[in-house]
Amino acid sequence: MSKPLKVTVFQPGARHNYLQSRFLHRAGALQRLYTDFALADHIGAKLLRALAPTAALRGKFARRTVAEIPQSKIRLFPPSARHNRDGRPEDWPVTRADLEQTSVHFTQYYAGGHGLRDRASPEAKIVSDVFIIPSAHKIVNEECHLFPQWGEAAFDDVLNDRYESFTHDMLEDCDALFCPAQSVIDDVAAYGEAYRDKCLLVPYGSSLTFPAATQAEPRRILFAGSVSLRKGPQYVKRAAELLATRNEGYTFVFAGDIGEEAASQLEGDNVELLGHISKDRMIAEYSRADVFVLPSLAEGSAGVVLEAMSAGLPVVVTRNAGVDFTDGEAGIYVDLRDGEAIASALETICEDRERRAEMSEAAKRRSQAYGHSEWESLFVRSLEGVHRGDFRALDNYRGESRPQLATASGKP
């Protein structure tokens, strides 16, 4: 290993508030951040936020302000914003100095990765953050066909082909794939078992904290996130309908952006639709809820699940929600597309207050493994392993099929 670890990051958008680049900067390992639009946290950025004419624009400037990283470390490529949305394999412009000095190129689902193999130094590695299961577009299309009344448009054949080609290029070209959950690794392997050999489990973290004691309202069930078919609200609605016939005390609360068609499909006597709410209001909703539910069909790792666990909420989720825990302790896993299983899991927790209390404490304990400091340490250590060429010796290497986490009974 001749070069020190120097990482160039390719990131359209402000995912995780640029935390991965900030981790690298703290470690002295950030060569450059390439993105569509970002500002260092200097006086100019503060003035732009202060002078912005609308709250929406002020919010955009706040989201696109990168803490800690100097402007000299940031390069802008505005067209990159659309690349992941339409699967365009265009090369990103990278300076000769960055190509020569970078030891690891880190991309967000291969954004910016095309052409790097031919341009980068021969010993440089390419790593992709697989932030969502690769088959997500297929799953969305299935749900759109199953639930046309929700008004969501399926991906057309051209876009599907682009996504498949984009994913194939990522799986083939990358030296390593950082996956935030076991479900992502398993979906990667569905494209070819050999690709599992490139996978490292690198979970994301959550920084949201709550008071030591929250005031849970019995049978108040919280769903959070954009209310779209991919996240499974249609199956939560089925559970709400079932429980309405079995127990009148359940209230289902949906917090997040929602369209008119989705709102009309979720209407019910035991349903509350909050729409988009502020961070403070969201914290209050976590504190009021009894159980958190997210039967998502396709995630990388749903941050709202980590936040709910931090609040001491037992969770009812699918494995595709992308948060790994021992089934029956911090929460209950349910199968995909199973409203009856969701209803039964909610009853199991809510109707046994002693067990609910135990699961609440287990959720808090499990959430501690998902803190930002844990994420930072594992992320940097994993990139160092890729750089050295020995990442397959790391504890988070997942090159072979792994058994599922044990259930509460200790059986797989």
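## Surface and model

Accessible areas here come from the Shrake-Rupley method with a 1.4 Å probe, and for residues only the protein chains shown count as cover. Worked out that way, the protein has about 17,700 Å² of accessible surface, with 50% of it belonging to carbon and sulfur atoms.

What you're looking at is a predicted model, where local features need pLDDT of at least 70, side-chain atom pairs count only at pLDDT 80 or more, and totals for chains, interfaces and linings use all residues. Residues are numbered from 1 along each chain as its sequence is written, and side-chain values use heavy atoms, with hydrogens and water left out.

## Overall build

The protein has 16 helices and 15 strands; helices (H or I, at least four residues) and strands (E, at least two) are DSSP runs, numbered from the N terminus. Its radius of gyration is 22 Å, close to the 22 Å that the globule rule gives for 412 residues, so the protein is as compact as a globular protein of that length. That radius is taken over C-alpha atoms, and the rule is 2.2 Å times the number of residues to the power 0.38.

Buried residues make up 54% of the 412, where buried means under 20% relative accessible area, exposed over 50%, and partly exposed in between (1.4 Å probe, protein chains only). Now for contacts, meaning heavy atoms within 4.5 Å. Among those between residues at least 6 apart in sequence, 69% join residues at least 24 apart.

## Cysteines without bonds

A disulfide is a pair of cysteine sulfur atoms within 2.5 Å, and a search of the whole structure turns up zero of them. Take Cys-179: the closest cysteine sulfur, in Cys-199, sits 4.0 Å from its own, too far for a bond. Cys-179 is buried, at 0% relative accessibility, and Cys-350 counts as buried too, at 3%.

## Helix H13 and its neighbours

Pick out helix H13, residues 303-310. Its buried residues are Val-305, Leu-306, Ala-308, Met-309 and Ser-310. They pack against helix H12 (279-288), strand E13 (291-294), strand E14 (315-317) and helix H15 (353-367). Just after H13 comes Gly-312, with a positive phi of about 80°.

## A buried aspartate

Asp-98 belongs to helix H5 (residues 96-101). With 0% relative accessibility, Asp-98 counts as buried. What does Asp-98 contact, leaving aside its neighbours within four places in sequence? The partners are Thr-8, Gln-31, Arg-32 and Tyr-34.

## Loop residues

His-16 has a positive phi of about 60°, although it is not a glycine. You'll find His-16 in the loop between strand E1 (7-11) and helix H1 (19-26), where it counts as partly exposed at 23% relative accessibility. Tyr-110, also not a glycine, has a positive phi near 70°. Tyr-110 is in the loop between strand E6 (104-108) and helix H6 (116-119), and at 1% relative accessibility Tyr-110 is buried.

Gly-232 is in the loop between strand E10 (220-224) and helix H10 (233-246), and it is buried, at 0% relative accessibility. Not counting residues up to four places away in sequence, Gly-232 touches Pro-295 and Ser-296.
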